[in-house]
Amino acid sequence: MEFDLHSLRSTLIDLGLLITTLVVFVRNRKLSGTSDVVLFSSLLLLNSIIMFAGADESWLSHTANFSLILAFAFCYSAVCKLIVKQVSWRLIIPCLLGYIVLIIAYFSVELSSLVRAFYTTIACIYLTGLICKILLKNRTNADSPSTSYLLIVLILTVIAFVFRLAALIFPEFISTTINSISIMVLSNLFLFLSFGLLLLIFEVINNKLLTKSELDYLSGIKNRRGFFKALMRKRDENTPYVLSILDIDHFKTVNDTYGHDAGDIVIKHIADKLTEMTSSKDILARFGGEEFCLLMNNDDQQALQRLEEIRRYFEKESINYPGGDIQITVCIGCVKTNLIFEEMIQKLLYFADISLYKAKQTGRNKVVCFERLVES
Ligand SMILES: Nc1nc2c(ncn2[C@@H]2O[C@H](COP(=O)(O)OP(=O)(O)OP(=O)(O)O)[C@@H](O)[C@H]2O)c(=O)[nH]1
């Protein structure tokens with residue numbers, strides 16, 4: 001075993017990379033999988049030890065290569081998790097330092113092609129993280145980070161491709177450094193793309209789960225959470241709205257007389273009918289129990305008429321049930337507004353609730369609008 005300057009320098013670079021990565025990942029333990037980091041770091045350490053000792057034995061050099069490839073896999077997995085969570089500045093700054101160290105090492109030290117590939121890959125990952133952070137700024141709630149990420153990859157690829165092409169056509173004008181960087185970016189294209197696709201998959205799964213969590217399990221319409229989310233999309237639109245709460249009268253009696261299953265059928269029936277009787281621009285939700293909430297995008301008079309139609313429909317039509325037709329009536333409390341903004345929503349719901357209470361107090365089977373009483 002012999003110690004030469006080359007092995008020493010490579011080992012120092014390895015250790016530098018190891019320390020940077022450890023600092024980065026340990027500080028972001030919750031984001032990246034701890035096991036990935038531990039495995040990645042220990043494999044890299046193993047590689048450093050072998051390189052320091054001088055991997056002149058073929059089995060040793062194989063072990064070094066093997067540990068590097070494995071380290072690369074775990075690093076890939078940890079970095080994927082970090083990018084999915086959108087990289088924070090706390091991570092980016094050490095990454096940038098790591099990137100600079102790696103670039104200096106890349107051009108100043110003679111390295112084996114495998115080590116070189118490994119370094120360039122990590123450098124590219126760091127660089128992508130940095131670009132992502134700068135371009136996505138602090139858009140932690142960005143609608144589609146994967147689309148932005150894939151766009152960045154595309155831009156990077158086009159730039160690298162242009163440089164490669166220029167280097168081939170006008171070799172005398174393109175410096176070897178720029179040429180090497182363009183090769184580096186292009187050779188890591190698949191890695192970039194796989195990150196982007198991984199992000200896209202996570203996003204699709206996440207959106208599916210989110211949509212599910214915004215729906216009411218019994219009626220299939222929006223739940224309270226879905227209602228608020230949809231409401232937020234309407235905020236700051238200067239349009240007349242009517243916000244109403246619909247409640248079934250004496251629903252406890254329905255449950256007591258026909259059973260809980262019949263009660264569920266009534267709730268489902270009402271949700272279906274309300275969906276039929278409202279437009280797709282309206283927001284309809286079951287707030288829990290036998291209470292429904294509806295935001296109608298309409299001018300006052302039309303909206304009040306539609307609420308009256310809804311009330312009359314349930315008064316007239318009975319619901320078919322094997323144990324006998326179920327007759328119900330509903331109370332609707334509503335409030336008018338011209339603008340929706342976050343701080344106002346609870347107040348609007350409170351006014352609609354007061355009106356609903358008034359409808360219940362004054363005989364049920366009524367539509368009561370805040371400041372206005374529409375007689376049934
Ligand atoms: N079947 C069924 N019943 C439910 C569900 N959620 C709440 N309920 C029942 O709805 C009933 C609500 O009763 P109350 O709050 O007293 O209201 P009410 O009987 O409609 O009386 P008023 O609203 O004053 O007209 C309770 O018996 C609850 O058990 C549900 O998902 N399914």
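Which element gives the largest share of the shell around the ligand? That is α11, with four residues.

**Before you start.** This is a predicted model, where local features need pLDDT of at least 70, side-chain atom pairs count only at pLDDT 80 or more, and totals for chains, interfaces and linings use all residues. Numbering runs from 1 along each chain as its sequence is written.

**Stop 1: the whole chain.** Select the protein chain. It has 13 helices and six strands. Helices (H or I, at least four residues) and strands (E, at least two) are DSSP runs, numbered from the N terminus. Of its 376 residues, 33% are buried, meaning 20 or more other C-beta atoms, placed from the backbone, lie within 10 Å of the residue's own.

**Stop 2: the ligand.** Show the 15 residues around the ligand. A residue is near if its C-beta atom, placed from the backbone, lies within 6 Å. Asp249, Phe251, Lys252, Gly263 and Gly289 come nearest. Two or more residues each come from β1 (241-248), α10 and α11.

**Stop 3: the helix pair.** Select α10 (residues 251-258) and α11 (residues 260-277). They pack at about 135°, axes 6 Å apart. Axes are lines fitted to C-alpha atoms over the stretch in contact, and angles run from 0 to 180 degrees between N-to-C directions. So α10 is oblique to α11: angles under 35 degrees are roughly parallel, over 145 roughly antiparallel, 65 to 115 roughly perpendicular, and the rest oblique.

**Stop 4: where they meet.** Pick Phe251, Val254, Asn255 and Tyr258 in α10. They meet His260, Ala262, Gly263 and Val266 in α11. Contact means C-beta atoms, placed from the backbone, within 7 Å.

Definitions and conventions
Buried ≥ 20, exposed ≤ 12 C-beta atoms within 10 Å, placed from the backbone. Contact = placed C-beta atoms within 7 Å.
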